[in-house]
Amino acid sequence: MSELRYKCQAKATDRENGSPRRGAAWVKSRRGWFKVFDDRVECGDWIIPAAAVQESVLFEMRQLFIPVFVLQLTTAEATYQFGFNPWSRVVRFLPFAVERRRAKLGYSAFSIVIRVVIAVAVIYWLWQQFG
């Protein structure tokens with residue numbers, strides 16, 4: 001049995017690939033403990049052996065002034081993305097090499113539509129209250 005090296009809260013999805021973006025995949029993402037062991041990482045019932053990781057990338061972004069970190073792990077079967085709190089320092093404990101990339105947090109079509117709907121609703125409400 002391998003030893004637990006690090007544990008922190010994370011949001012995770014297997015429905016995104018590439019540079020992180022706001023979208024429906026993150027709305028429906030799983031939340032739970034991201035655990036790092038000597039030979040694998042786990043999040044909920046996902047167990048990803050270190051030997052199966054073909055590519056690992058840590059995307060470093062800013063949302064306003066808050067740092068955002070998203071770890072993308074690619075295996076032969078799937079691509080996983082894990083979003084961490086700004087104070088999490090998971091990289092130094094991972095049992096495989098990680099490439100760091102700076103990125104801009106993008107928007108999916110879903111997130112743009114939601115923002116437009118909310119803006120229209122707020123404008124309509126203001127017009128009803130003060131118009």
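Exposed means over 50% relative accessible area, buried under 20%, and partly exposed in between. The model used in these exercises is predicted.

**Exercise 1**

Classify D45 and R30 by accessibility, then find what links their side chains.

Solution. Step 1: D45 has a relative accessible area of 62%, so D45 is exposed. Step 2: R30 is at 27% relative accessibility and therefore counts as partly exposed. Step 3: a salt bridge joins the side chains of R30 and D45, at 2.7 Å from N to O. Step 4: R30 belongs to strand 3 (residues 30-37), while D45 sits in the loop between strand 4 (40-43) and strand 5 (46-49), so the pair ties together parts that are 15 residues apart in sequence.

**Exercise 2**

State which residue pairs with R40 and whether R40 is buried or exposed.

Solution. Step 1: the side chain of R40 meets that of D39 in a salt bridge of 3.0 Å, N to O. Step 2: R40 is buried, its relative accessible area being 13%. Step 3: D39, with 41%, is partly exposed. Step 4: a network of salt bridges links D39, R40 and E42.

**Exercise 3**

Describe the salt bridge between E99 and R101.

Solution. Step 1: the closest N and O atoms of E99 and R101 are 2.8 Å apart. Step 2: E99 has a relative accessible area of 38% and is partly exposed. Step 3: R101 is partly exposed, with 32%. Step 4: the structure holds 8 salt bridges.

**Exercise 4**

Locate T79 and classify its accessibility.

Solution. Step 1: T79 is in strand 8 (residues 79-84). Step 2: at 13% relative accessibility, T79 is buried. Step 3: beyond its neighbours within four places in sequence, T79 has contacts that include T13, D14 and Q72.

Notes:
Residues numbered from 1 in each chain as written. Predicted model: local features only at pLDDT ≥ 70, side-chain atom pairs only at ≥ 80, totals over all residues. Heavy atoms only, no water. Helix = DSSP H or I, 4+ residues; strand = E, 2+ residues; numbered from the N terminus. Buried < 20%, exposed > 50% of the residue type's maximum accessible area, 1.4 Å probe, protein only. Contact = heavy atoms within 4.5 Å. Salt bridge = Lys/Arg side-chain N within 4 Å of Asp/Glu carboxyl O.
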